[in-house]
Amino acid sequence: MLQVEQIDVVIDSKPILENVSLEVADGEIVAVLGPSGSGKSTLLRAIAGLVDVATGDIEWDGKTIVAVPPHKRGFGLMFQGYALFPHMTVAQNVGFGLKMSGHHDIDAEVEEALSWVGLEGFGPRQVDSLSGGEQQRVALARTLAPRPDLVMLDEPLGALDRNLRQKLVTDTRKVLEDRAVTALVVTHDRDEAVALSDRLALMREGTIVQIGHLDELLAHPVDDWVAGFIS
Amino acid sequence: MRRVRWGWVAVAALPVLFIGYFFVYPLIRILTLGLAELNVGSSGLEARLFRVGWFTLWQATVSTVLTFLAAAPLTWAVSSYDFRGRRIALALATVPFVLPTVVVGTAFVALDWTESIGAILGAHVFFNVAVVVRTVSTLWARIDPRLQEAARVLGASEWEVFKRITLPLLRPAMAAAASIVFLFTFTSFGVVLILGGFRYATLEVEIYRQAVTFFDLPLAATLAIVQMVGVTGALYWYSRYQERTAASWTLERGTNLRRPRGRARVGVLVATVGTLTALAVPLSVLVSRSLTGPFYEALFREDRVVGTPIHSIRNSLLFAAVAMALATVIGMLAATVITGRVGPLSRWFDLTLMLPLGTSAVTIGFGFIVALDWPVDLRASIWLVPIAHTLVAVPFVVRSTVPTLRSVPPQTREAAAVLGASPLRVWREIDLPMVSRAALVGSAFAFVISLGEFGATSFIARPASTTIPTMIFRLLSRPGENSFGMAMALSVVLAVVTAAVVMAIDRARFGELGSF
């Protein structure tokens with residue numbers, strides 16, 4: 001279980017996150033929804049350990065992790081724009097995390113991870129030969145392959161066109177559910193957030209405004225902005 | 001909660017210690033020596049300073065102007081037209097620039113053109129034409145042709161288009177080329193030492209003469225300070241200018257070269273053939289005169305005064321290999337720190353590392369003999385030669401690797417970290433494979449720089465550590481047709497080895513070799 005407790009993040013002396021708290025239960029998928037620039041990606045980066053937390057605490061299964069460097073947290077983060085390694089093949093990309101953790105049977109694990117996203121046989125391909133949708137799925141497979149405790153997806157479908165998004169929303173949700181992973185998804189798209197997650201956290205200007213299931217938010221929005229954003 | 005980045009400290013330690021002890025500390029010793037013993041009251045000193053300083057400034061300015069004039073026709077041809085042999089013409093025009101200054105000096109001596117200001121200016125133009133051609137043409141060929149067409153439609157003649165549209169747009173590249181040529185000629189050493197005789201001396205040559213010939217170290221230190229002030233001023237002006245004119249207009253991605261037709265064809269032909277012929281003369285004369293006697297065989301014979309000339313080749317190759325290895329390791333560590341996003345510290349680091357490039361090689365060599373007697377006396381060590389070469393070469397390794405490291409999106413490294421790669425592992429798996437090609441180019445540059453380095457080496461080379469350039473200078477300094485013949489033969493050998501390595505670099509490089 002992930003617990004974010006009243007964290008502040010300051011970058012270049014500008015406050016980006018203020019007093020953010022959030023819980024994600026085991027096996028739960030939470031979507032962080034908000035307009036661009038509201039601090040959603042920074043929240044993921046703080047949880048991943050890529051930015052320092054100024055105050056507050058982040059705990060995993062009751063233990064604080066703020067002092068743990070990113071490569072030892074055992075989380076998965078799928079980056080906006082995917083950040084695939086351009087000098088490696090699909091298989092090398094997907095197998096990278098396994099290699100880092102000293103796995104032995106990397107090839108079989110890679111092929112299995114590729115099968116989760118429907119890309120069997122894509123291993124030897126170069127990443128720059130892939131379409132946008134294929135890159136998205138390679139990035140997802142790379143994130144899931146080491147079987148991380150927590151999966152974080154930053155605008156997982158942001159770079160794709162409309163038709164493809166609709167198909168991949170369903171596919172991505174299915175992959176996450178099949179693995180029964182604990183996940184945190186960041187998006188600015190209300191429909192995508194609803195389709196991908198169990199609970200929604202609405203974020204604005206560096207703070208979380210309201211958290212809850214869609215019907216709760218629709219029934220009792222804390223203010224007009226929330227009501228407007230999710231309806 | 002900030003984690004202390006001990007990793008960065010470890011990575012930065014070697015470059016910092018190296019530059020600190022072998023560059024910054026000697027510079028401080030020169031400053032204290034020069035300022036402590038400076039005797040401004042004596043009119044003789046002032047007159048000499050003024051004379052040398054004025055000559056340095058004057059010849060650098062005239063050399064820069066002449067280089068632009070000489071480079072103009074070829075620059076125009078390769079920037080505007082796509083013609084058969086264009087790439088080869090560009091490559092051939094670059095040959096003089098990569099030659100060691102000692103070779104250029106010897107080639108002009110072979111023209112029987114010494115102890116004259118004409119020879120110095122001629123050699124400077126010969127050496128620097130490529131800087132102007134390559135820097136300016138890279139930008140010129142990419143100017144959006146619609147700008148020129150728009151001006152034509154609005155009633156401008158071809159000449160007016162050039163004057164009012166093309167030339168103003170080329171200003172940043174011209175300023176860059178002018179600063180580089182000015183800096184090279186302002187700090188010119190080998191060429192002036194060989195061709196200037198006793199009549200002409202730049203600050204560089206005068207520092208050498210005062211320190212090595214007359215052993216007047218305080219005066220040499222004073223001259224070195226004057227020199228540093230001049231160079232820093234030029235660099236400062238250039239960086240200010242660059243900031244003001246930082247590309248504010250869009251460039252075409254590709255080039256816009258046309259096929260030459262009619263009168264333009266004749267123009268392109270004359271410009272290309274004329275320039276290349278002029279550049280070929282000194283080298284052809286050098287090669288043909290080196291073959292007029294048994295000079296190559298003589299290189300293998302022991303000489304009681306200068307030793308066996310061929311041994312200098314062995315020394316040079318050994319030093320070049322050591323300097324290349326050192327410069328590659330230090331340069332890549334430094335580049336990692338510079339691109340590591342640690343804020344203002346990395347900017348300072350970048351600037352400090354570039355200083356050896358701005359400081360003259362002579363000052364580096366002079367600094368070694370002034371300062372490296374502490375904590376142990378290293379001044380007689382033959383390893384000072386490759387260390388000096390490393391100092392000169394590190395900026396080149398840094399410059400060739402930093403752009404590639406910067407082009408690696410930070411997300412790529414973050415993705416690797418999140419997937420479990422430690423910082424060291426990220427460097428090995430992500431940075432190293434991506435930068436290896438650029439690093440190879442930087443290493444090869446370091447090798448070539450070491451082979452041709454003369455300014456610093458002339459201070460610190462001992463008989464046992466004579467390099468090819470210092471051997472050539474020794475042979476040139478000795479009267480007699482046979483010595484001169486051997487100097488020419490050795491120059492040809494050095495030119496061939498250098499050209500071979502540079503051609504290998506050019507093949508390994510992708511894109512234009514447009515930036516220096």
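In the predicted model, helix α4(A) and helix α5(A) pass one another in a right-handed crossing. The axes of α4(A), spanning residues 132-144, and of α5(A), spanning residues 162-179, come within 12 Å and cross at roughly 15 degrees; because this angle falls under the cut-off of 35 degrees, α4(A) is classed as roughly parallel to α5(A). On the α4(A) side the contact is formed by G133(A), Q136(A), L140(A) and L144(A), which meet L164(A), L168(A), T172(A), V175(A) and R179(A) of α5(A). Sorted by class, the residues of this contact between α4(A) and α5(A) comprise five nonpolar, three polar and one charged.

Two residues in loops of chain A have positive phi values. E155(A), located in the loop between β7 (150-154) and α5 of chain A, has a phi near 45 degrees, a positive value in a residue other than glycine. E155(A) has 20 C-beta neighbours inside 10 Å and therefore counts as buried. A83(A), in the loop between β6 (75-78) and α2 (90-100) of chain A, likewise is not a glycine and takes a positive phi of about 50 degrees. Because 22 other C-beta atoms lie within 10 Å, A83(A) is buried.

Q3(A) belongs to strand β1 of chain A, which covers residues 2-11. With 18 C-beta neighbours inside 10 Å, Q3(A) is assigned to the partly exposed class. When neighbours within four places in sequence are left aside, the contacts of Q3(A) are with E23(A) and E59(A). Between Q3(A) and A83(A), which are 80 residues apart along the chain, the C-alpha separation is 27 Å.

In chain B, helix α16(B) (residues 384-407) packs with α18(B) at an angle of about 150 degrees, their axes being 8 Å apart, and the crossing is right-handed. Residues of α16(B) taking part in this contact include P386(B), H389(B), V392(B), A393(B), F396(B) and V397(B), while among their counterparts in α18(B) are D431(B), M434(B), V435(B), A438(B), A439(B) and A446(B). The class composition of the contact between α16(B) and α18(B) is 14 nonpolar, seven polar and one charged residues. In the loop between α15 (361-371) and α16 of chain B lies P375(B), which is joined to W374(B) by a cis peptide bond with an omega of about -5 degrees.

The largest nonpolar core contains 149 residues, of which V129(B), A334(B), A388(B), A393(B), A446(B) and L490(B) touch the most other members. Helix α5 of chain B, residues 117-140, gives the most to this core, with 14 residues. Apart from its neighbours within four places in sequence, A446(B) is in contact with A323(B), M324(B), A327(B), T328(B), A393(B), F396(B) and V397(B). A second, separate core of 83 residues includes I29(A), A46(A), A48(A) and F79(A).

Just after α4(B), a positive phi of about 60 degrees is found at D112(B). Helix α20(B), comprising residues 468-477, has nine of its 10 residues buried, including I468(B), P469(B), M471(B), F473(B) and R474(B). The C-alpha atom of I468(B) is separated by 8.4 Å from that of I310(B), although the two residues are 158 apart along the chain. I310(B) is situated in helix α13 of chain B (residues 309-338) and, with 17 C-beta neighbours inside 10 Å, counts as partly exposed. Leaving aside neighbours within four places in sequence, I310(B) has contacts with L299(B) and F300(B).

Between the two chains, 18 residues of chain B are in contact with 21 residues of chain A. On the chain B side, the elements that give two or more residues are α17 (410-418) and α18 (423-452) of chain B, with α17(B) giving the most, at seven residues. This side of chain B divides into 11 nonpolar, four polar and three charged residues.

Definitions and conventions: Residues numbered from 1 in each chain as written. Chains lettered and ligands numbered in written order. Predicted model: local features only at pLDDT ≥ 70, side-chain atom pairs only at ≥ 80, totals over all residues. Contact = placed C-beta atoms within 7 Å. Helix = DSSP H or I, 4+ residues; strand = E, 2+ residues; numbered from the N terminus. Nonpolar A, V, L, I, M, F, W, Y, C, P; charged D, E, K, R; others polar. Axes fitted to C-alpha atoms, helices over the stretch in contact; angles between N-to-C directions. Parallel < 35°, antiparallel > 145°, perpendicular 65-115°, else oblique. Left-handed = near helix turned anticlockwise from the far one by under 90°. Buried ≥ 20, exposed ≤ 12 C-beta atoms within 10 Å, placed from the backbone. Core = buried A, V, L, I, M, F, W, Y, C linked by C-beta atoms within 7 Å.
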